[in-house]
Structures are given as structure tokens and as C-alpha cells.
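Here's a quick tour for anyone meeting this structure for the first time. Have a look at the model, then read on.

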Amino acid sequence: MKEFSTYKKDDVIFLLKDISDMIVEEDNMTREKKIQSGTHYSEMIPIEYQVSDEYLNLYRTKLKENKEKLAFAIGVMSEKILKRHDKNVVLVSLARAGTPIGILAKRYIKQRYNLDLPHYTISIIRDRGIDINAIKYIINKHKDSSKIQFIDGWTGKGTIANELKKACDELEGIFNMKFDSSLAVLADPCGYSNVYGIREDFLIPSACLNSTVSGLVSRTVLRDDLIGKDDFHGAKFYKELKYVDESNNYLDTISACFKNEYQNIDETMKDWTEDIITKVGNCDVKNIKQKYDIEDVNFIKPGVGETTRVLLRRIPYKILVDDLNNQKLKHILILAKEKNVEVEEFDFKAYSCCGIIKNMKDV
């Protein structure tokens, strides 16, 4: 089988069509203009931004600093998955931010309970829905399993959580079976998950980089000329970036800390019953929309993960932070300085930062 991603087959099975030789990346400015003129973001992929040495060193430092916290959050999320579904569950991560988190959940469960759960990664796209062919494949492959647990990296403002809920309603009609729309995430600052590891809006290092911490796979693509009716959604494999790939080192660094966190995880899970969806982030989004007179809520990207993505993949108008001296946001301040983007303080209730996309009408 042709290589697709630098992840081990034991960690994840990609249900994506390899379109590496069929699509050409476009620069951020070109894509932004197209997106704001009506082209859907899933029809294009960005040029992979190669970060500076200063930024890469910061990523490595942050991974070292946060590895125990990340291991703890993965453990808590994984324990909640097991409590909700027991052993009869298939892990399905949402490409691409969910993929490393799903792998870590699989590794945690295998390491602690010697339970080797199946793990797939599939595509879900805002306003276009979930990959139905991928779901069909999973259902046919696991007829004895009654549950699918969807996994993502974090919640931004609940867009994918809402998209998943719509998708599960649609899937029930297609397959005549019940789908659990709960989205398990490592971090849930906006309050849209009831299977989260941690609520804090902190830096998940896999949000720091693009494909080089995601198995060298692009974000997913859905375009009529590339994806047939029986195909999975597509993605590109950047094999030329192997020399800078951090993907497996990221996983190994966090996995090595699981055992040290068992006691803390058990303490946290002792009285756990069910997490409540609070949608606490809605207040911040509403206030930002009002203060900066933003018409389209899709221009507002709150949370550390989404803010990082804005700086790496979009054309930013402004970056909002809770405190200009917040050392936890250092990577964001470095990127903003490199790209000459204005940074302002904002009184957040749920998040620690937010990226605002530039309206191309103003360019």
C-alpha cells in the first residue's frame, strides 16, 4: 500500500483519498480572497508555512513544559470515553487536529488497560458535513461494535461540535442506527464538549505546527473534480517534509508521561458522572463581534488553537490576548510579530486569545 502519513498503522487508519499529485497549494492571500468571494475553504489547501527556528524552538520548549499536563488531559478524556462506552467502542478522530489526539487516546487505553481499540481518522467539513463513505466503511468493518466515539483536538467556538450534531442526525436517517454526537476533545475552553480532558484554553503543541505534527497530512479537501461519489474526502501527503517531521516524537513524548499521571487522573475521575455543555465561549464571541463590528462570525477564531491557525493559514486583521505579558501565548506573539499583525488586550471570559481574520473588502 502506498505510504500516506508518517504515523504507524498500529496508531491510526486513514480513511482519506490520497490526492497528493492532484492538487496544488495556494498562498494565504489567494485563498483568503477566494474564500471571501464564495469558494469553500475545503476546495483548496494552503502552502505549508515553514516556521522560523525561534518558533520551532519555542514549540519544543512548550512540548517539554506541557507534556505532563497533556498526558493528564488525554488520560481524563480517555477514561471518560471508557466510562461512557465500556470496551465496545471505535475511536474516530476528525482530521486533522483530532488525529494526534485520537492516537494518544488509543495509546493510553492500550498502555493502561491492554485494550487495543480500533482507531480511524476521517474528514468533517464545516457546512459540508461528515464523510459518509468513511462512516459506511467503519460500520461495515465493525458490525459487532455499537458505538463510535468522535474525537477532535479542541473546541474553538463550537463549529465542528455543531457540525457533528447535524451529521449524526443525518447519519441516523441513512443507516437507521443511533450515533453519539458527543465530541471528545483534549481541551474545551468554549464549553461545547461533554467528554473533555481539560477546560483550560492552553497551548496544545499540535496546534503550533501544520502537517509536521499531523503525520505530514494536509487538511482535508472536498472538490467535485477530485472526489467521486464513492471516494473518501481527500488530503495530500507532504513526503518532502519528512526531514522536519515532529509527528511521532510529539506522540512518544506525551505517551511516556501517562504512567506518572495515573494517580492524578484517578483522583479527577473519582466522582465524575457527566460533563455539562455550557457554551460559555458564546459570550466572548458575541462581545468581539460587537466591539469590532464584525459581520461574519466565521472571521472570529477564538482560543489558542484557532488563533494559531489564523496566523499560520489565514490573513489576520488583529490578534486579541487576555494579557500582553502572558508567557503562555509567547508563540502567538512571535508569529504576530513575524507577520506584522497588531495585538490588543481584550477582557475574555472563556478564552485566553482570539484571531480575527481580515475582511478582504478592506484590503
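Let's start with helix α6 (residues 247–255): seven of its nine residues are buried, so the rest of the structure largely encloses it. Buried here means under 20% relative accessible area, with exposed over 50% and partly exposed in between, using a 1.4 Å probe on protein chains only. Helices (H or I, at least four residues) and strands (E, at least two) are DSSP runs, numbered from the N terminus.

Keep in mind that this is a predicted model, where local features need pLDDT of at least 70 and side-chain atom pairs count only at pLDDT 80 or more, while totals for chains, interfaces and linings use all residues. Residues are numbered from 1 along each chain as its sequence is written, and side-chain values use heavy atoms, leaving out hydrogens and water.

**Helix α6**
- The buried residues of α6 are S247, N248, Y250, L251, T253, I254 and S255.
- They pack against α2 (53–85), α3 (98–113) and α7 (258–269), where contact means heavy atoms within 4.5 Å.

**Nonpolar cores**
- A nonpolar core is a set of buried Ala, Val, Leu, Ile, Met, Phe, Trp, Tyr and Cys residues joined through side-chain atoms within 4.5 Å.
- The largest one has 78 residues, and L186, I204 and Y250 touch the most other members.
- Helix α2 gives this core its largest share, 14 residues.
- Leaving aside residues up to four places away in sequence, L186 touches a set of residues including L70, M77, I101, Y196, F202 and I204.
- There's also a second, separate core of 41 residues, with A134, I148, L320 and F346 among them.

**Strand β3**
- Seven of the seven residues in β3 (residues 89–95) are buried.
- β3 pairs with β6 (residues 147–154) in the parallel sense over five bridges; strands count as paired if DSSP finds at least two bridges between them.
- L91 has Q149 as its bridge partner in β6.
- β3 also pairs with β4 (residues 119–125), in the parallel sense and over five bridges, and there S93 is partnered by T121.

**Largest pocket**
- On a 1 Å grid over the protein atoms alone, a pocket is an open set of points where a 1.4 Å probe fits, with protein on both sides within 12 Å along at least five of seven lines; lining residues have an atom within 4 Å of a point.
- The lining has 34 residues, and Y41, K301, E306, R309 and R313 lie nearest the pocket's centre.
- Elements giving two or more residues to this lining include β3, β4 and β6.
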